[in-house]
Every structure is written in C-alpha cells, then in structure tokens.
Amino acid sequence: MPLTFYTAEIIDIVDEVPNVKRFFFRIEELNKCDFIPGQFTMLDLPIDCKQTTRAYSIASAPSTSENTFELVIVLKDGGLGTTYLFNKAKKGDKLKVSVPIGKFGKPRPDLFEKELCFVCTGTGIAPFRSMLLDILNYKIPHKGITLISGSRYEKDLLYRKEMEELQEKLPGFKYIPVLSRENSVDWKGEKGYVHEIYKSLYKDKIDIQFYICGWKVMILEAVENLKQMGFKKADVKYELYD
Ligand SMILES: Cc1cc2nc3c(=O)[nH]c(=O)nc-3n(C[C@H](O)[C@H](O)[C@H](O)COP(=O)(O)OP(=O)(O)OC[C@H]3O[C@@H](n4cnc5c(N)ncnc54)[C@H](O)[C@@H]3O)c2cc1C
C-alpha cells in the first residue's frame, strides 16, 4: 500500500553539535503527532526537481496535544539529502513527510518486561530519546534502562545535558556516554567503543532486552558480540541507518 504523506512546515532548525542539526516540524493537517516511540518517518525532499526520500527516526516523544515533532540529522559528506537539509532547507519551508512507520519500538502499555539496554552511536540516539521521554511522560514502569551512547569526541555528544538531567528525573535510568577518539585529560568518562561497555556490564547477566540503533558497522558488530555472549535473537532488536 502506498505511504500517506502530510505537508510539514519546518518551524525551527537548531545546531546541536558540529554537523548535527535538530529539525522541528509542524503538521497543520493534524492536531497531534502521536506514534509509537522508536518509529521513523520518510522525508520527501525536492532536490533538483526530483523527489528524494530519506528515512529519519523521530527524536521527540509522541504527543496527544501538539502537532509538532523533531528529527536530529547528521550531515553526510557528499550526501544528497543531508546537503539539501543543511544548505537549502530553512524555517517556513514545507516538506512532505510520511506517516510514522517501523516496528523498532513497542506500543504502550506493553513496555517493558525486562531490563533494557539501549546502544547507539551518533544520531542513533533519536529513537531512544523518544522512548525515554515517553517513559517519563507516561510514568511507564520498567526494570532499569541503560543508554550507552557513543561518539568520537566530547563535543559530538547529542542531547548530553538532557540525558544527564534525565538520570535525575527518571528513576532506574543510567546514561553512559563513551568516546572513541577523545584525548582530552578533562574527559573523565568512558573511552573506547560502545561494545566494551555492554560486554563488561552484562557479562554475568542474561535477562536483558537490547535495542541498538545507528550505522551498519556498529550494529553488525554488536549483534555478533551479543550472540557470542549468549543472547538470543529475540533479545536484540536493531534499527539500521545504512
Ligand atoms: C530507519 C532509518 C532511520 C534513520 N534515521 C536517521 C536519523 O534519525 N538521523 C540521521 O542523521 N540519519 C538517519 N537515517 C539515515 C538517513 O536515512 C540517510 O541515509 C542519511 O541522512 C544520508 O542521506 P543522504 O541523502 O545525505 O546521503 P546519500 O546521498 O544517500 O549518501 C549516503 C552516503 O553515501 C555516499 N555516497 C553517495 N553517493 C555516492 C557515490 N556515488 N559514490 C560513493 N559514495 C557515495 C555519500 O557520501 C554519503 O556518505 C536513518 C535511516 C534509516 C533507514
């Protein structure tokens, strides 16, 4: 069945970290942007008189009172869609966006029977931000949530302040940023790749549900590692960006 598209106005564009922007949209045709946290939308971009469609995870929480939503997008060197979004798209522009799609998240209220581990790199944090804010908004019971968020440098960490604050607001939530290339002595947090973190945290645990999101290389490595650690296919859900 063909996807339904709405017209969405860009209501704001905000620099998050170098080469990553937050895009805020409003859909006039709707009075709410409700969806399953973890879903993505297809953006139809008018590039060189051709429609070019790209998928983006919704980074905001579902809302029953607002017709707005947020995407967080990294500029890809030589990428058609992101070059358009970063260089041409501006506040007030109208773009076609699809209805939310994808099965990465879980509908309320059947979240979450097991302790959760969210693993991401870069903009792969988007669906987890949506899920975490939804859990907070609806006080959804959970058995503990760890977010392992990988970036190269400290300056690249997305939603860092918000995630640090969420640790205070959301009982049982732990945020672990991990940097693969940071050399500054001021960085006192984890260094290396996301893989080392879950390997060490869960070496003696098996009752964990993993959600992994980001680019292909990281995900394939994580899926293989978790299999080696004894986790079953159903314990590991992932969303590939590439
Ligand atoms: C379900 C899903 C959710 C996603 N969510 C997000 C999200 O929340 N945030 C986000 O930032 N991204 C997300 N993505 C990725 C997004 O859909 C795009 O793939 C990404 O933005 C790149 O699009 P682009 O048009 O700029 O790059 P493309 O033009 O598609 O190119 C991709 C890469 O290939 C290279 N390339 C292109 N053409 C050539 C060529 N001829 N030779 C060699 N190399 C080439 C480019 O340099 C670029 O690095 C998601 C993807 C999926 C599938």
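In the predicted model, Glu221 is part of helix α5, which spans residues 216-228. Because 14 C-beta neighbours lie inside 10 Å of this residue, Glu221 counts as partly exposed; a residue is classed as buried at 20 or more such neighbours and as exposed at 12 or fewer. Glu221 and Val20 are separated by 201 residues in sequence, and their C-alpha atoms lie 24 Å apart in space.

The domain assignment divides the protein into domain 1 (5-98) and domain 2 (115-240). The C-alpha centres of domain 1 and domain 2 are 24 Å apart. Contact between the domains involves 15 residues of domain 1 and 15 residues of domain 2. On the side of domain 1 that touches domain 2, two or more residues come from each of the elements β1 (5-17) and β5. Strand β5 provides the largest share of that side, namely three residues. By class, the side of domain 1 that touches domain 2 comprises eleven nonpolar, three polar and one charged residues.

Strand β5 also takes part in pairing within the model. Strand β2 (residues 20-26) runs antiparallel to β5, and seven bridges join the two. Within this pairing, Lys21 has Ile73 of β5 as its bridge partner. Strand β5 is mostly covered, with six of its seven residues buried.

The ligand is surrounded by 20 residues, of which Gly78, Gly79, Leu80, Gly81 and Thr82 are the closest. At least two residues of this shell are supplied by each of β4 (50-57), β5 (68-74) and α1 (80-87). Both domain 1 (5-98) and domain 2 (115-240) contribute to the shell, with at least three residues from each. In composition, the shell around the ligand consists of ten nonpolar, six polar and four charged residues.

The largest nonpolar core contains 57 residues, and those with the most contacts inside it are Cys117, Phe118, Val119, Phe128, Ile148, Phe210 and Ile212. This core likewise draws on both parts of the protein, with at least three residues from each of domain 1 (5-98) and domain 2 (115-240). When residues up to four places away in sequence are not counted, Phe118 touches Phe128, Ile145, Leu147, Ile148 and Tyr211. In soluble globular proteins, nonpolar side chains tend to be buried together.

Definitions and conventions: Residues numbered from 1 in each chain as written. Predicted model: local features only at pLDDT ≥ 70, side-chain atom pairs only at ≥ 80, totals over all residues. Helix = DSSP H or I, 4+ residues; strand = E, 2+ residues; numbered from the N terminus. Near = placed C-beta within 6 Å. Nonpolar A, V, L, I, M, F, W, Y, C, P; charged D, E, K, R; others polar. Domains from an automatic or database assignment. Pairing = 2+ DSSP bridges. Core = buried A, V, L, I, M, F, W, Y, C linked by C-beta atoms within 7 Å. Contact = placed C-beta atoms within 7 Å.
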